[in-house]
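Have the viewer open while reading.

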Amino acid sequence: MPPVVSLKKLADEFNLTKLTEQVNIDDKVLLNPEINRPALQFAGFFDHFDSDRLQIVGIVEYTYLCHLKDEPRNKNLKKIFARKIPCLVMCRNLPMVPAMDKYAREYDVPIFNSSENTTDFMGEASRFLRAQLAPRTQIHGVLMDVYGVGVLIIGESGVGKSETALEMIKRGHRFVANDAVEIRRVSTETLVGSCPKNIQYFLELRGIGIIDVQRMYGVESVRDTQGIDLVIKLEIYDETKEYDRIGLTYDHMEILGNRVTCHSVPIRPGRNLAIICEAAALNHRQRRMGYNAASALTERIMSDIEDGRSD
């Protein structure tokens, strides 16, 4: 089932006042994260009208409607409501124009009031809908906030993901999700991970059982959501496999169409996986700031070679 946002949730989130008391909103939802200001539609132009979007009326559209004569205004209003728009929001506490309530009741379309100015409401509504209606998936793993870098730790069951997370929590990093990581694609560049509410803040440790990270280590040890910047794949060491030892190139993992840098980390006795994950997060942060240690080392070696040739 695709994600939906109920109109009741939208109204609660933005403190909207319902102007059409006769229209029931209990079963009404939004499916499209985009929004629309129906200025051209009020003028009678309906080509490419996205009627499934949240419709927002500001002072410009309201003033234009008030200046129209009754016949063209009613004609275009009826066309808009007949398209079964999900709802209409009047910003700045603007009242309904004549005939608007009539067509809202006729076509069962709710109208809301918002005290916010149009630009602010559009920005916040767009952010909210994109987050709520973003494409999503669920991945088996652990999500941590390590020095501000979202690190998704994946690997086979029993490989040590939870134990690594626990060590990082003790070292001051923040825990987001264990076992089931819900991931939303909020843009072509951004993935946001969270935890299902029923298992939020809980961590499973084999041989110990379930622990509550928030109660055991405090509220500063957890967070609700985190952008995913880096994937670390833990795997049992394989002598036949060649692991990256320089870091000039990076593998990627595709999640919901977005490419995320991925490191395969082999597990051997004596390796401190928490420190390795910390180092990977800091190295990733350095690269985002424009410094690549592998490239710097390569340039230094090439420079020494060139100096040797010139002697």
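Helix 7 (residues 161–170) is largely enclosed by the rest of the structure, because 7 of its 10 residues are buried. Buried means under 20% relative accessible area, exposed over 50%, and partly exposed in between (1.4 Å probe, protein chains only). The buried set in helix 7 is Lys161, Ser162, Thr164, Ala165, Leu166, Met168 and Ile169. Just after helix 7, Gly172 adopts a positive phi of about 105°. Helices (H or I, at least four residues) and strands (E, at least two) are DSSP runs, numbered from the N terminus.

This is a predicted model: local features need pLDDT of at least 70, side-chain atom pairs count only at pLDDT 80 or more, and totals for chains, interfaces and linings use all residues. Residues are numbered from 1 along each chain as its sequence is written, and side-chain values use heavy atoms, with hydrogens and water left out.

Now the salt bridges. Each one places a side-chain nitrogen of Lys or Arg within 4 Å of a carboxyl oxygen of Asp or Glu. The count comes to 13 salt bridges.

| Salt bridge | N to O distance |
|---|---|
| Lys28 – Asp108 | 2.7 Å |
| Arg37 – Glu61 | 2.9 Å |
| Arg53 – Asp50 | 3.1 Å |

Lys28 sits in the loop between strand 2 (17–18) and strand 3 (29–30), and Asp108 in the loop between helix 5 (100–106) and strand 7 (111–113), so the pair ties together parts 80 residues apart in sequence. Lys28 is buried at 14% relative accessible area. Asp108 is partly exposed at 38%.

In the second pair, Arg37 is partly exposed at 28%, whereas Glu61 is buried at 5%. Asp50 is partly exposed at 32%.
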